[in-house]
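Hi,

Here is the structure I promised to pass on. Have a look at it first, and then read my notes below.

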Amino acid sequence: MKKTANLVCFLFLLLSFCSQPQRRPDEVQVRLFNDPETLNPVSYQNSGALQIINLLFQSLLTVDLEDNRLKPSLAEALPEIVQGDTLTMFTYNIREEAEWSDGSSVTAADVAFTLKVMLAPLVNNEQIKSQIEFVRDFIKYESDPNRFTFACRSFSPEMELLTGDFFILPEYLFDPDGLLQAFTVKQLATGDPDLENNAQLKSFADRFNSVDFARNREVLKGSAGYELENWTTGQYVILKRKENWWGNNTKSDTPYLTANPNQISFQIIPDNTTALLALKSKQLDVLNNIPATEFTLLRKDSTFTKDYALHAPDSYDFNYVALNTRLPKFNNRYTRQAIAHLLDVDNLIKVTLSNYGTRTAGPVPPAAPNYYNQDITLYPYNQAKAADLLKAGGWTHKEDGWYKSLNGKNEKLTIEVNYRAGNTIFENSALIFQQNAAKAGIPVILQPLESSLFRQKSRSFEYDMSFRSLSGNPFIFNFKPFFHTSFAEEGGSNITGFGSPETDALLDAINLAQNDKEKAALLKELQVVLHEEAAMIPLYYLKERIAVHKRFGNTKISGLKPNYDVSAFTLKE
Amino acid sequence: MPGSFAAQSILKENDSFYNTGSIESRQAAYQSYLRRTRLDLPLFYFSISSSAQPDTAIQLLQESDKLLLQQLSWHYGNPKLATEYFRNLKNLIKRAGPQAQSEVRVHIQELLQTTDAAKIKKSAAALQQLLGSSTESFQLQQTAEALIYSKQQWKTLLPRFSWHGGRNQFHQWLSQLFQGNLGNSYRDNSSVLDLVLKAIGTTWWVLLLSMLLTTFLALELSILFVKQRAGKWRKTLLPLLFITDRIPVFILALLLLIFLASPDFLQLFPVYGMGAYQPQDQHWLQRFVNLFPYMVLPVVCLVCVNLPYITNQFYWSLSDVSHADFIRTAKAKGLSERQVIRKHMLRNALFPIITLLSDFLPALVGGVVVIETIFAIPGIGRLLIESVQTRDYPVMVGVVLVVALFKVIAHFVSDIFYGLADPRIRQKS
């Protein structure tokens, strides 16, 4: 018996020694929620893949998470923009130092090739194609192989970002036989249906669509500071730093082009609890999206905070309630305002997010103080006021609820609330609203919907009220897709049905504003209108919840995804 | 299941503050994707639909439009007029434009959602009044009335048979299958067979170990329970097994993790995954030794989940046999209890046990889904779940096919074992 006891003790000791894999201090381990599935820089599927491809390939522009500003990456400077009557010209210069893995320079020809890949028929590029639908032509300059111009149809404010927001592909590696050289960007942009029968295009597409371009480390070599070392599906993706990467020796001051950690390893852990345990066992250096309740507990845990720094930056993710103004019961502003008074937003933030949220008056984030309208008074939770507003909206209170004559029929006010099934934040929010509305005499039915169905219903405007989210950014505010009436037709993105000729003019003016001051004034005006109309009832901007190991400095924590710049991490002394 | 892989990735909602492509260009991209991947072909060699089914509905772009036209045709049994009415409605919407007054918009919205004759009549008339002289509203009202007047709902009940020939998705899939090709994943275009084999490769040891361990423990426990003097063991262990059986898998897995792999309690095992990255190639034995600590918790978890049911079945099948005459004879011969149980009882109780075990392996694949997710092991269960979530149909079909194959093999093997357990079966056949 004593022997067995000794054996068990020995076994436990042995196990606890080999329980955790050895860690190298200069390696950063980051958690991914799911497998990247494909690392093809044109047809990637999820945010994890995007984060990894960003370390392998570069685009013309990048966002420096240090100050959340758009900066030139492969390009030497932000584009020169010349607005014409029908066309807008965006001219870029590629950095002279920029080179591919084999040492050859990145040139305008590579950019042209990238555009061709994105536009060519038969190629697996359907999800990114529409991003550059406005590009009409590509102009090269004989005098300077690094200079080029995009000729774009008309102008909208996001074009500057979009012309610089796709990964530039190495032509020498992706098309060694020069199959696409026979075509011009203009030819492919017109989308001639005959091209689908072209043998050269077919053979290029066959090669490009193959699994090699999704996961082969010999092919997926870009101009950024890392190379793919190993990808074991569903377990980890390992990236290794390039020796003598060009980004470290640029002529101009580019502290945001970085490749500091020797090795970055993305660990795929689908379950949140497991990821947290891995963090606590120091198997992860970075973890974001920590559940709010856990985050509060971690803050109080002194053994944890000794090793990890916790951050909660204001994100640009925004939750709101959409009301379908196309319905007769909601086409009155007072009714909608009444509902806004029944949403106890402060309580929602407290209960569903453990206070990791910031209330907002409109879709412009409070974290962008220049554009955010601070003069708007947020709707307070107020039952009496809601009742008054309902009366003002033409509803009469009877014993079992509110009634109003709509299209000749006396109808009772009931609300069906939709949200994506499985989203616990929205589920709890909807429950709280249901209770508040019940106190006001409005019966509310909750209807969680599977995500495809949810999308379908909102596309066809078949909903009463819906909890939704939007992801924003601090530099581009084009609200036309959400509030302009030209997007309000069936299938359009203006799902609330908000809009009038005046607001349309305002939205157009925001996009055409020449300077920041004018733009800020117009945006503030828009926020006032949106607030009064209450078709989109803004709830709050979320705060991110991130933990990073304290041995790393220069983490560039930001509200923008992916919330940190892993390539910038440096080891503290 | 609503949605498809392409619709999810290409037609995804624009949920950001700037516009990355208009709806039209996305629709066009979606159409070209369908053509490129031949997903626009009919599903099977033939289809039987209602004669009221509109032909054009398939080619129509929007899901909601498709639905409305389909509903209209079915409701009125007249696909031709329904299509015409629908086209006129679309023309009217285009004509009215986005700037239409709110009353017009209300009626348009009504028409886009209803198939009810009274409502259509009312709204069409109202639009005619509101828009006055426009030809679109006149045409709409005309076709609406014609549609309502010619209502032939019985037509919906008449079937229509259409033959599609070899140009269909099933034929393509089947002809590939006969060449040993299960198709390619929608996600990264890799071969489904590779994906499935890789996934099985990762969980293979976990499945096998847990199956062997469960069977062994279940046998030993049930033998222990059958023993006459083991009343005490039975009274304590059986309820314990019942309690374990009542704990949901994910709670059990998390409890194991929290108690045995967290720095707050005992940190004996790694938290997640199937081994850390090793730059150099390893011998399979070396790899197994490396993987072993990672496998302990998943295996323990799977054993705990399956043990109660299987032990219980084994125990009952053994105790049924224990009342048989030949057992009494064996005891009367003076054989020890051990010999009676192992030689006489067990062999005769084997039948239900073999049946149970033959179902075990395929059922395990279902059971590992939760465990693979929690312990972050990329096995066959997670492959199935992920392919369902992303609507990756070829992978989904592939996994189901492979699991079915396992089931067939398991039944075949169990037939052989029946023969081994009872020579009478061999002789009869």
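**What I found**

Let me start with a detail in chain A: strand S6 (residues 135-140) and strand S7 (residues 147-153) run antiparallel and are joined by five bridges. Strands here are DSSP runs of E with at least two residues, helices are runs of H or I with at least four, and both are numbered from the N terminus. Two strands count as paired if DSSP finds at least two bridges between them. Phe138(A) has Phe150(A) in S7(A) as its bridge partner, and a hairpin of six residues leads from S6(A) to S7(A).

Before you go further: this is a predicted model, where local features need pLDDT of at least 70 and side-chain atom pairs count only at pLDDT 80 or more, while totals for chains, interfaces and linings use all residues. Residues are numbered from 1 along each chain as its sequence is written, and chains are lettered from A and ligands numbered from 1 in the order in which they are written.

Now chain A as a whole. It has 20 helices and 24 strands. Its radius of gyration is 27 Å, close to the 25 Å that the globule rule gives for 573 residues, so chain A is as compact as a globular protein of that length. (The radius is taken over C-alpha atoms, and the rule is 2.2 Å times the number of residues to the power 0.38.) Along the principal axes, the C-alpha atoms fill a box of roughly 90 × 80 × 45 Å. Buried residues, those with 20 or more other C-beta atoms (placed from the backbone) within 10 Å of their own, make up 49% of the 573 in chain A.

Chain B has 18 helices and two strands. With a radius of gyration of 32 Å, well over the 22 Å from the globule rule for 429 residues, it is more spread out than a compact globule. Its C-alpha trace spans about 105 × 55 × 45 Å along the principal axes, and 36% of its 429 residues count as buried.

One helix of chain B to look up is H10 (residues 231-246). The number of buried residues among its 16 is zero, so H10(B) lies largely in the open.

And where the chains meet? The contact takes 75 residues from chain A and 62 residues from chain B, with two residues in contact if their C-beta atoms, placed from the backbone, lie within 7 Å. The chain A side divides into 26 nonpolar, 34 polar and 15 charged residues. Here Asp, Glu, Lys and Arg are charged, Ala, Val, Leu, Ile, Met, Phe, Trp, Tyr, Cys and Pro nonpolar, and the others, Gly among them, polar.

Cheers

Methods
A residue is buried if 20 or more other C-beta atoms lie within 10 Å of its own, exposed if 12 or fewer, and partly exposed in between; C-beta atoms are placed from the backbone. The expected span of a helix is 1.5 Å times one less than its number of residues.
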